[in-house]
Amino acid sequence: MAHCISNVGFPRDELAEFFSLRVWPWLLDDQNPCVSWQSFPISLPLKVPHPSWKLESTDPLLWQLCFEGDWVMSNASTLNAEDFSEMTACLRSGGRLTLDVTGLGVWDSYLMIALIDIVKRCHEHQIAIETSTLPEGMGALLHLSSLVPERTDARKGGAQKTWLERLGESARSVWLDGFFLTQFIGESALSMVALMTGRARFRPIDLWLQIQACGPSALPIVTLISLLVGLILAFVGAVQLALFGAELYIADLVSLGMTREMGALMTAIIMAGRSGAAFAAQMGTMNVNLEISALRVMGFTASDFLVLPRMLALILVMPFLGLYSDLMGIIGGGIVAISFFDIPVTQFIQRTSESVHLTDFFIGLFKCSLFGVLIAVAGCFRGIQCGRSASAVGEAATSAVVTSIVFIVVADSVVTLICNRLGI
Amino acid sequence: MMGTDSVIKVRDLTLAYGDFVIQKDLNFEVRRGDIFVIMGGSGCGKSTLLMHLIGLQKPLHGDIFYGKERLWGVSSEQREQLLRRVGVLFQSGALLSSMTLAENIALPLREFTALSKKEMNQTVSYKLALVGLSGFENYYPSEISGGMQKRAGLARAMALDPEILYLDEPSAGLDPISAQLLDELIQSLRDSLGATIIMVTHELASIFAIGTHSIFLDSEAKTAIAFGSPEELLKTSHDPRVLKFLTRGHPERADRGGHHE
């Protein structure tokens, strides 16, 4: 079989011609100092015969199928395999077909698929086919490919589903998703209760590791984003305020905007991308490796051992990150106000402290904690739900981020609406 | 060590994923001190049966008894209590990748025993030494080879000296010498600790070397089609499916009268 692999030819005659006329003489030239024959041991065929077949008949019920040329995959374009259907049309049932491979050059799986096709067609038309004339290797491969009969129920996705079926299925999956999410939230709540009563089984060190991963490590990105958001807010606002000569109110705009809304929202979106995706990927991989099953057998529940430390870490860390983000945003706004719009530093600070009330701060912090819970729920839920393959882990991470962001924005709107109605 | 009392009794067990039945009407008993082999071709539901035996999947029908106690149809606390007597080695070891080997093994110890820190460390070292991994306490699972992960998984499964040890494909993916050593280890665990061992495998060498009793699952019949010690089955079974499996597809070549190693 080795010769079939090493001798994959060039399908184009022109190429072969080019080799035979130009390259080959140059390579074989004794005077040529660049090449020695020994350093070029691969024998290239000068001309590759195209695969072909012909059907010969000596008797109305006796046919011979001759294969000629090189039946290799690189020659595939030169032969139309559909032709075999024409061939079987010539044969009459009850007949007998022999195969002749004396004119055959090199061959690989390309010949095998043709043979399997012919054998199948012959069976369909009740034609006896003689495969014993084939070389040993070919016969063995043919035998091997038909050794285990195809399982009738093994093929997937045969029937096309109607649009109604697909609609129904997706509606059902949304419903199931909601059902499992509720179940998951219930389990996590029970774990929280277990924590309060000191029965939760998890390693405190995991909580510290998660706090480290979610908190301090996120500071650089939170700094950058918040500073820039503050800058943008200030610029956008200042252009409008400058029309009325009220540039001083940039301080109000930036500080209120950051503390009530943007600080919490930006931090939450950063954390959804950072920690939410990480949670989903970690737990998804643990699911793939059966680590979660192993934990369950050892008497640990995933909601205690894995979800609890992550959720606690985010709830604890998020308000601090939000606070930090507020500060950074205000500094960003301050930079713009002071350097571009000539507002004195003291005045900026004074306006800021006058406009922001403690309530605004607390609303921002409350949102941060709430978003922390939502990110942890979305991340861990998608991780636990994850299937057992590498692509499923990727999907889990993606959908964790998407779910978190949807949760965050919806929750933010609801909180803002409530605050507005309550007048705070 | 061989007793006659049954540790595990399986009654009319039907395993299914959703509505798709994998195995039905399984009935068998595992006696104390047995090395019980669950065998069968790929995809016949061996690992699924294991998942049901260790309480990770709920059967569609039927129940499993540990001694006199039911595994299903009781509260999850009771089930957890029951499974405290069980250790499991998963196919890939399933060590927690974020922890070192020592932390992995110490995990059940810290939760369910009152050992001091020093005693815990000693226990961990002892368990690792048993599986030939002394000195690997501070390695992470990703830093050691697949065979070592499997042995470390075994050390963790044995952490609480379980009465019943489940092994899912313990020797798959190991070289012949390591597989042989693992077989010897399993046998000596049974002999010295009096543990009952249930293993899912299709490694014929292991099956004949250490299996004392077995059950053969078939994916077409969707139930168990043979019971008995592997050697006995090879000698007396007339079922072509069983014989084909036990003789690597060539029943005619097997030495059915003599010993088989």
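**Reading a predicted two-chain model**

Q: What makes Q126(A) count as exposed?
A: Q126(A) has 11 C-beta neighbours inside 10 Å. A residue is exposed if that number is 12 or fewer, so Q126(A) counts as exposed. Please keep in mind that this is a predicted model.

Q: Where in chain A is Q126(A) found?
A: Look in the loop between α4 (109-124) and β5 (128-130) of chain A. The backbone there has a feature to check on your screen: Q126(A) has a positive phi of about 50°, although this residue is not a glycine.

Q: Is A94(B) buried or exposed, and how do you know?
A: A94(B) has 26 C-beta neighbours inside 10 Å. The cut-off for a buried residue is 20 or more, so A94(B) counts as buried. Its place is in the loop between β6 and α3 (101-112) of chain B. A94(B) is not a glycine, yet it has a positive phi of about 50°.

Q: Why is A251(A) called buried?
A: Within 10 Å of A251(A) there are 26 other C-beta atoms. With 20 or more needed, A251(A) is therefore buried. A251(A) belongs to helix α9 (residues 250-288) of chain A.

Q: Which residues is A251(A) in contact with, leaving aside its neighbours within four places in sequence?
A: They are A337(A), F348(A), R351(A), T352(A) and S355(A). Being in contact here takes C-beta atoms within 7 Å. G394(A) gives another point of reference: A251(A) and G394(A) are 143 residues apart in sequence and 43 Å apart in space, C-alpha to C-alpha.

Q: How do you know whether the radius of gyration of chain B agrees with that of a compact globule?
A: For 261 residues, a compact globule would have a radius of gyration near 18 Å. Chain B has 19 Å, which agrees. Its C-alpha atoms fill a box of roughly 55 × 45 × 35 Å along the principal axes, and 39% of its 261 residues count as buried.

Q: What share of the contacts in chain B between residues at least 6 apart in sequence join residues at least 24 apart?
A: The share is 64%. As for secondary structure, chain B has nine helices and ten strands.

Q: What makes β6 and β10 edge strands of chain B?
A: The open sheet they belong to has six strands in the order β6-β7-β8-β3-β9-β10 (chain B), with mixed pairing. β6 (86-89) and β10 (223-228) of chain B each pair on one side only. From one strand to the next, the twist averages 15°.

Q: How do you know that β9 of chain B pairs with β10(B)?
A: Two strands pair if there are at least two bridges between them. Strand β9 (residues 213-218) of chain B has five bridges to β10(B), so the two count as a pair, and they run antiparallel. One bridge to find is that of L217(B), whose partner in β10(B) is A224(B).

Q: Which strands are the edges of the four-stranded sheet in chain B?
A: This open sheet has the order β2-β1-β4-β5 (chain B), with antiparallel pairing. Its edges are β2 (20-31) and β5 (69-70) of chain B, since each pairs on one side only.

Q: What makes β1 of chain B a pairing partner of β2(B)?
A: Strand β1 (residues 6-17) of chain B meets β2(B) in the antiparallel sense over eight bridges. With at least two required, the two strands therefore pair. Among the bridge partners, K9(B) has E29(B) in β2(B), and L15(B) has Q23(B) in β2(B). The two strands form a hairpin with two residues between them, and G18(B) in the turn has a positive phi of about 65°.

Q: How many bridges do β1(B) and β4(B) pair over?
A: β1(B) and β4(B) pair over five bridges, in the antiparallel sense. In β4(B), H61(B) is the bridge partner of T14(B). Helix α1 (residues 46-53) of chain B lies across β1, β2 and β4 (61-66) of chain B, and runs at about 120° to β1(B).

Q: How many residues of chain A are in contact with chain B?
A: Ten residues of chain A are in contact with 15 residues of chain B. On the chain A side, the residues that touch chain B divide into four nonpolar, three polar and three charged.

Conventions:
Residues numbered from 1 in each chain as written. Chains lettered and ligands numbered in written order. Predicted model: local features only at pLDDT ≥ 70, side-chain atom pairs only at ≥ 80, totals over all residues. Rg over C-alpha atoms; globule rule 2.2 N^0.38 Å. Contact = placed C-beta atoms within 7 Å. Axes fitted to C-alpha atoms, helices over the stretch in contact; angles between N-to-C directions. Nonpolar A, V, L, I, M, F, W, Y, C, P; charged D, E, K, R; others polar.
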